[in-house]
Amino acid sequence: MASFPPRVNEKEIGKLLLNLVDHTEVVRDLTFAPDGSLILVSASRDKTLRVWDLKDDGNMMKVLRGHQNWVYSCAFSPDSSMLCSVGASKAVVAAILV
């Protein structure tokens, strides 16, 4: 069963690593930057994407806004410099992260 707020757990030992407490609605998607930087992005029904730095105790780095409705999914470019997301309104939003 899903929990709210969403949590990131370490699979091997079940240790809680991060609570995504800044979202106000359900998180629909999580994606890690493919460059190994331990940057995590969460996409939520609260119409935002949030960028987290897991190397910095999971602190939130920034909030990305631009969707008028729920955000369903997000994906990084192969070099981790760009993030694209899609939401309920079928709008695709791109953000340059570098």
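Arginine 50 and aspartate 46 are both buried in this predicted model. Their side chains meet in a salt bridge, with an N to O distance of 3.8 Å. A search for such bridges gives a count of 1 for the structure.

**A buried aspartate without a bridge**

Aspartate 29 is buried but has no salt bridge. The nearest side chain of opposite charge belongs to arginine 28, at 8.4 Å. That distance does not qualify, because a salt bridge needs a side-chain nitrogen of Lys or Arg within 4 Å of a carboxyl oxygen of Asp or Glu.

What does the side chain of aspartate 29 make a polar contact with? The partner is the side chain of serine 73, at 3.1 Å. Setting aside residues up to four places away in sequence, aspartate 29 touches Val41, Ser42 and Ala43, and also Tyr72, Ser73 and Cys74.

**The aromatic pair**

Searching the whole structure turns up 1 aromatic pair. Tryptophan 70 and tyrosine 72 form an edge-to-face pair, because their ring planes stand at 80°, with the ring centres 6.5 Å apart. In general, a pair of aromatic rings is described by the distance of the centres and the angle of the planes.

Tryptophan 70 has a further neighbour: arginine 45 lies over the face of its ring, 4.1 Å from the ring centre.

Strand S6 spans residues 59-65 and includes methionine 61. Leucine 64 lies in strand S6 too.

| Residue | Relative accessible area | Class |
|---|---|---|
| Methionine 61 | 45% | partly exposed |
| Leucine 64 | 16% | buried |

Leucine 64 is classed as buried because its 16% falls under the 20% limit. Methionine 61 has 45%, so it belongs to the partly exposed group, between 20% and 50%.

Their surroundings can be read residue by residue. Beyond its neighbours within four places in sequence, leucine 64 is in contact with Lys47, Thr48, Leu49 and Val51, along with Leu83, Ala95 and Leu97. Leucine 49, named in that list, lies 15 residues from leucine 64 along the chain, and their C-alpha atoms are separated by 5.0 Å.

Methionine 61, with residues up to four places away left out, touches Ile39, Val51, Trp52 and Asp53. Between methionine 61 and leucine 40 there are 9.9 Å from C-alpha to C-alpha, and the two are 21 residues apart in sequence.

**The chain as a whole**

Stepping back, the chain has 0 helices and 9 strands. Along the sequence, that reads as β-β-β-β-β-β-β-β-β. Of the 98 residues in the chain, 36% are buried; arginine 50 and aspartate 46 are buried residues, and so is leucine 64. Among contacts between residues at least 6 apart in sequence, 25% join residues at least 24 apart.

Note on methods:
Residues are numbered from 1 along each chain as its sequence is written. This is a predicted model: local features need pLDDT of at least 70, side-chain atom pairs count only at pLDDT 80 or more; totals for chains, interfaces and linings use all residues. Side-chain values use heavy atoms; hydrogens and water are left out. Helices (H or I, at least four residues) and strands (E, at least two) are DSSP runs, numbered from the N terminus. Buried means under 20% relative accessible area, exposed over 50%, partly exposed in between (1.4 Å probe, protein chains only). Contact means heavy atoms within 4.5 Å. Rings of Phe, Tyr and Trp (its six-membered ring) pair if their centres lie within 6.5 Å; planes under 30 degrees apart count as stacked, over 60 as edge-to-face and the rest as tilted. A charge sits over a ring if NZ of Lys or CZ of Arg is within 6 Å of the ring centre and within 35 degrees of the ring normal. Lys and Arg count as positive and Asp and Glu as negative; His and the chain ends are not counted. A polar contact is a pair of N or O atoms within 3.5 Å; within protein, one must be able to donate a hydrogen and the other to accept it, and residues adjacent in sequence count only if both atoms are side-chain atoms.
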